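Please open the structure in the viewer and keep the selection tool at hand. The stops below are meant to be visited in order.

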Amino acid sequence: TEALCSALRDAQSRVRERRVNTVFFGGGTPSLLENGEIKAVMDALFAFDLTEDCEISMEVNPATANEEKFAFLHSCGVNRISLGMQAASQRELCLLSRRHTPEELEECVRALKRAGFSNFSLDLMYGLPHQTMEDWENSLQSALAFEPAHLSLYALTLSERVPLYREVQNLPSDEECRAFYLRAVQIAEAHGLHQYEISNFARPSCSCRHNLRYWQGEEYLGFGPAAASFYDGRRFTESESLSAFLQNPCGLLSRIEKEEQNSSEDAR
């Protein structure tokens, strides 16, 4: 946390002329941070020139948050929650090694609403082992019953390094996944969530600003091991090494692991 705060303050001193209209706490489970750690990072963020309506999102695992946690996040300036629902059935949640149950997810959504969050997103995954269209429609309808402002729908991708890879032979076919995707578009649109990007759907004026920055080729800075940035026409990724980050958190451009130089044609 101290290293991250140092990195943020150092970067702020280098980009004084840039205004910031979106912040996104993603990757891993940032809601695991203690309240004091979250407050420290937020204080470091406010050194930047944030717009008055800056959208500050945090990814939350339902197993790591309650109403008290949501109330604290709201008081710190977080104004958008991205909740990792993933699936509506206990079987699929177990397959994905998720720690929450459908009942706990429901209570989590109630808690974030009581804490004052109206702008929240739910993440769902399709293409799961043994998944049927009925399973997928059930997850979609369950998510939409919570009246989210936003949905993110992602196809499962498997690495050989994860335990779920042993189920690779039981994955739906490409044709079935294509049908899942197209059905999701129909159902989301019918509920007033319009597709604005490949995997993302939102109610009017609720598109995720951070997603839009990526989608529209605008600049963004990433902080922490393996974080990616696009700044001054350069697209670069920091080293994955935590020890390297801890030893030298300052100097945003000093830990670049790889960099892409895009031509105007690449950018187009």
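This is a predicted model: local features need pLDDT of at least 70, side-chain atom pairs count only at pLDDT 80 or more; totals for chains, interfaces and linings use all residues.

Residues are numbered from 1 along each chain as its sequence is written, and side-chain values use heavy atoms, with hydrogens and water left out.

**The sheet**

Begin with the strands (DSSP runs of E, at least two residues, numbered from the N terminus, as are helices, which are runs of H or I of at least four). Seven of them form an open sheet of mixed pairing, in the order 1-2-3-4-5-7-6; two strands count as paired if DSSP finds at least two bridges between them. At the edges, select strand 1 (19-25) and strand 6 (194-197), each of which pairs on one side only. From one strand to the next, the twist averages 25°.

Next, select residues 150-155 and 200-202: strand 5 and strand 7 pair there in the antiparallel sense, over three bridges. Ser-152 has Asn-200 in strand 7 as its bridge partner.

**The core**

Which residues have the most contacts inside the largest nonpolar core? They are Phe-70, Ile-81, Leu-83 and Leu-122, in a core of 55 residues. The largest share, six residues, comes from helix 7 (residues 174-190). A nonpolar core is a set of buried Ala, Val, Leu, Ile, Met, Phe, Trp, Tyr and Cys residues joined through side-chain atoms within 4.5 Å, and buried means under 20% relative accessible area, exposed over 50%, partly exposed in between (1.4 Å probe, protein chains only).

Centre the view on Leu-122. Not counting residues up to four places away in sequence, its contacts include Leu-83, Val-109, Phe-146 and Ser-152.

**The loop residue**

Finally, select Arg-18, in the loop between helix 1 (2-14) and strand 1. Arg-18 is partly exposed, because its relative accessible area is 23%. Leaving aside residues up to four places away in sequence, Arg-18 touches Asp-49, Glu-219, Tyr-231 and Asp-232.

Definitions and conventions. Axes are lines fitted to C-alpha atoms, for helices over the stretch in contact, and angles run from 0 to 180 degrees between N-to-C directions. Contact means heavy atoms within 4.5 Å.
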